[in-house]
Amino acid sequence: MLFKVKRLGQEGIFVAMTEDKVIFLKPKKEVSILRRHPWVFSGAIRTMEGSIQSGDLVAVHANKGRRLGFGHYSPGASIAVRMLTFVDEVIDQAWWNTKIGSAVRMRRELGLLGEDSNSICRLIHAEGDGLSGLIVDYYGGVVVVQTHSVGMRKSLEMIKIALDYALGKNLFGIYNKSAKILRKLGVESEDGWIHGAAPEPWVPHEYGAKFEIDILLGQKTGFFVDQRENRYLLGKHSKGKKVLNVFSYTGGFSITALLGGASKVDSLDSSSRALELAHSNAEINGFDDSVHGCIEADAMEYLKSGVADYDIVVLDPPAFAKSVSARHKAVQGYKRINARAMESMKPGSLLFTFSCSQAVDDRLFTHTIISAAIQAQREVQILHRLHQPPDHPVSAFHPEGSYLKGLVIRLN
Ligand code: SAH
C-alpha cells in the first residue's frame with residue numbers, strides 16, 4: 001500500500017493521501033474528464049480498488065490505467081465522483097488554501113467584500129470555482145457554508161482554515177448550514193457556528209441597501225445573492241414608478257426599487273415569514289408602510305385579479321424545473337404565469353422576468369416568454385437580457401453551471 005503523508009496548515013492537520021483508493025472507468029468514459037468536466041457518473045465506473053468509503057478522496061483512472069485526477073466519491077449518487085483536480089497533486093491544506101484563496105481574491109477584486117459598496121456575495125460557487133459540492137456565501141463578515149457532498153463535509157475543517165486564512169480581517173464568523181442537504185445523502189450533521197459568530201451590529205449591504213439576513217431559518221444560505229446586479233438594474237428603472245415584486249422573498253428587489261426612487265412598492269410572497277423580513281428590510285432602509293406594502297398571497301391567484309395599477313412587475317419564481325425530466329412542465333408553468341401578468345399590464349410598463357431552473361436554458365426561456373406574449377396578445381420588446389453575476393462564475397468546462405436568466409420586456 002502506497003502512502004504520501006504530509007504535515008499541513010497552521011494547526012498541524014495530518015492528511016494522508018492514499019493512492020490505493022482507485023476507480024477505473026469503462027472504455028471511452030474518460031472523454032469528458034479529459035475535457036475537465038468534473039462529474040463521473042456511476043454508470044461510467046468499471047471497477048473500484050481499495051476500501052473506498054463515502055466521501056473518500058479517490059484517484060480516477062481511465063480504462064487502460066492512465067490517471068485522470070482525484071475527486072470525492074459518493075456511493076449511491078448518480079454523480080459518483082466529483083473531481084477536484086485533473087493533475088497529479090496532493091489535496092492537502094496548502095491545496096485548499098490556494099483554491100479558496102484564489103476564489104476570495106476574485107471577489108475582493110470585484111469589490112464585494114465590504115471595502116466598496118457591496119458586502120454580500122457568493123465566495124465559492126461549486127464547479128464554477130473548481131470545487132464541486134461546495135457553496136459558500138458571504139454576508140458582511142459572516143460566512144455561510146453548505147457542503148453538498150460527503151467529501152466536502154469531511155473536508156470542512158480544512159475549508160474553515162482556508163477561509164480564515166484568505167479572509168483575515170474580513171471574517172467574523174463561519175456558520176455551517178449543511179444538515180438538511182446531508183440528511184438527504186443519509187448523513188446526520190448539525191448546523192451551527194464553526195468559527196466565531198456574527199458581529200454586533202451586523203448590517204450586510206448591497207449597493208447601499210441594508211439587508212437583514214436570516215441565515216438560520218431563511219431559504220438557501222439566507223438570501224438570493226445571485227440577483228444583485230439585476231436588482232441594481234431595477235433600481236435604475238424605478239424612479240417615480242409603482243412596482244409589484246412577485247415572489248419577493250425578503251424584499252431584495254423591493255428595497256432596490258425604493259432606493260431607486262419608486263413611488264410605491266408592493267412585495268408579494270406566499271411566506272409570511274419572508275414578508276416579515278421584507279417589512280423590516282424596508283424599515284431599516286427608511287421606508288414605512290406608506291411606500292412599501294406586503295401582500296401574502298399565491299402569485300398565480302393574485303395575478304388573476306389584474307396588475308394594471310403597476311408600472312413595473314418583477315417575476316422571480318423558485319426553480320420550476322429541478323431536473324431535465326421536469327422541463328416540459330416547468331416551461332408550461334413559466335408561460336402561464338408570464339402570460340397571466342402580461343394580460344393586464346398597462347402599455348409602456350416593464351416586466352422583469354426570471355428563471356433559475358438550470359434545465360431551462362436562455363433560448364428556451366426566451367421562447368417561453370415570447371409564447372406567453374402571443375398567448376396574452378401583447379406586443380413586447382426585449383430591453384435587457386440578464387444573467388447570474390461574476391461571483392457566480394461558470395466554468396468553461398461545466399456549462400451546466402449557468403442557471404439564472406432573465407429578460408426585461410416592455411409591453412406596448
Ligand atoms: N426575488 C427574491 C427571491 C425569490 S425566491 C430575492 O431577490 O430575494 C422565491 C420565493 O417565492 C420564495 O420566497 C417563496 O416563498 C415564494 N413562493 C413560492 N411559491 C409561491 C407562490 N405560489 N406564490 C407566491 N410566492 C411563492
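I looked up the domain assignment of the protein chain, whose bounds come from an automatic or database assignment, and I noted domain 1 (2-85), domain 2 (93-196) and domain 3 (224-411). I kept in mind that this is a predicted model, in which local features need pLDDT of at least 70 and side-chain atom pairs count only at pLDDT 80 or more, while totals for chains, interfaces and linings use all residues. Residues are numbered from 1 along each chain as its sequence is written, and side-chain values use heavy atoms, with hydrogens and water left out.

Next I turned to domain 1 and domain 2, whose C-alpha centres lie 22 Å apart. I found 17 residues of domain 1 in contact (heavy atoms within 4.5 Å) with 19 residues of domain 2. The two domains bury about 1,400 Å² between them, 60% of it on carbon and sulfur atoms; buried area is the accessible area (1.4 Å probe) that two parts lose on being put together, summed over both.

I then searched this interface for salt bridges (a side-chain nitrogen of Lys or Arg within 4 Å of a carboxyl oxygen of Asp or Glu), and the rule finds two between domain 1 and domain 2. I also wrote down that Asp56 forms a salt bridge with Lys154, with the closest N and O atoms 3.5 Å apart.

Last, I asked which strands (DSSP runs of E, at least two residues, numbered from the N terminus) supply the side of domain 1 that touches domain 2: strand S2 (13-18) and strand S8 (79-85) each give at least two residues, and the largest share, three residues, comes from S8.

Note on methods
Helix = DSSP H or I, 4+ residues; strand = E, 2+ residues; numbered from the N terminus.
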